[in-house]
Amino acid sequence: MARKSIIVEGKTSAEAIEKGLKEINLPRELVEIKVIEENKKSFFDILAPKIVKVEIKEKEARKPEEMKIETTENELKEAKQEVEKFLKEFISSLPDMEKAEYRIEIKDKCLYVYIDGNRIGNLIGYRGEALFAIENILKAVSNKNAENRVIVRLDIGKYKEKRIKTLEELAKNKARIVEKTGKVITLEPMQAYERKIIHSVLQDNPNVETRSIGQEPRRKIVISKK
């Protein structure tokens, strides 16, 4: 995907940068700024306006490092025991959650945790906020004694599974609107894994492009026409 790049002019570099950021429609932290020309006044052209040219280019998207997971089988087994111990105490301490069931699996060098049962809505929370908070706790529990990082994936009541289908449909619907109207659509803030789904669904669409803007936890996706 080609990076956006524009050249703008102003009487000062600050004026040119402000103008360019509005035009490129990206926050300052997501662009590279370079002053490429500055016509300074001399004694002989004192009445001529000063012109500063600035190039503003979208930063190259950071690619996650190819991390080799070196977590050992013993570390995964120990992490599984710690998570199981934690979940047993955690669920038994919650009102009306005695019948909730959990399952822990080791596969692909990761720890997968599934929780299901009645009245588990509070464990999911609005847009999965409680779920991700619990997932972070499980990561801390899993890595307490591990030398290498243990990756934990939590799903409750198949929330993530259902959310993936919802996001795939959302991406396709919004892309159709962008293709038809040419409008730029900014989606609501999402979790990193949710943004990855949107990017993945639309990456092969020849008519639209996606990019992420903003800072966590308010980072969001912008869909625009190519």
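Predicted model: local features only at pLDDT ≥ 70, side-chain atom pairs only at ≥ 80, totals over all residues.
Biologist: Where is Arg195 found, and what does its side chain reach?

Modeller: Arg195 belongs to helix α6, residues 192-202 (helices are DSSP runs of H or I with at least four residues, strands are runs of E with at least two, and both are numbered from the N terminus). Its side chain reaches the backbone oxygen of Met190 at 2.8 Å. Leaving aside residues up to four places away in sequence, Arg195 touches Met190, Ser212, Glu216, Arg219, Lys220 and Ile221 (contact means heavy atoms within 4.5 Å).

Biologist: Which side chain makes a polar contact with that of Thr210?

Modeller: The partner is the side chain of His199, at 2.7 Å (a polar contact is a pair of N or O atoms within 3.5 Å; within protein, one must be able to donate a hydrogen and the other to accept it, and residues adjacent in sequence count only if both atoms are side-chain atoms). Thr210 is placed in strand β8, residues 208-213, and its 10% relative accessibility makes it buried.

Biologist: How are two packed helices described?

Modeller: The description uses the angle between their axes and the distance between the axes. Here α2 (residues 73-92) and α4 (residues 129-142) pack at about 135°, with axes 8 Å apart (axes are lines fitted to C-alpha atoms, for helices over the stretch in contact, and angles run from 0 to 180 degrees between N-to-C directions). The two helices are therefore oblique to each other (under 35 degrees counts as roughly parallel, over 145 as roughly antiparallel, 65 to 115 as roughly perpendicular and the rest as oblique).

Biologist: Which residues of α2 and α4 meet?

Modeller: From α2 come Ala79, Glu82, Val83, Phe86, Leu87 and Phe90, and from α4 come Ile134, Ile137, Leu138, Val141 and Ser142. These contact residues divide into nine nonpolar, one polar and one charged (Ala, Val, Leu, Ile, Met, Phe, Trp, Tyr, Cys and Pro count as nonpolar, Asp, Glu, Lys and Arg as charged, and the others, Gly among them, as polar).

Biologist: How far apart are Glu75 and Ala146, in sequence and in space?

Modeller: They are 71 residues apart in sequence and 5.8 Å apart in space, C-alpha to C-alpha. Glu75 is found in α2 and counts as buried at 11% relative accessibility. Beyond four places in sequence, Glu75 touches Glu70, Ala146, Glu147 and Asn148. For the protein as a whole, residues 24 or more positions apart account for 59% of the contacts with a separation of 6 or more.

Biologist: Where do residues other than glycine have a positive phi?

Modeller: Arg127 is one case, with phi near 50°; Arg127 lies in the loop between α3 (121-124) and α4, and is partly exposed, with a relative accessible area of 36%. Lys158 is another, with phi near 55°. Lys158 lies in the loop between β6 (151-156) and α5 (159-181), and is partly exposed at 47%.

Technical notes:
Residues numbered from 1 in each chain as written. Heavy atoms only, no water. Buried < 20%, exposed > 50% of the residue type's maximum accessible area, 1.4 Å probe, protein only.
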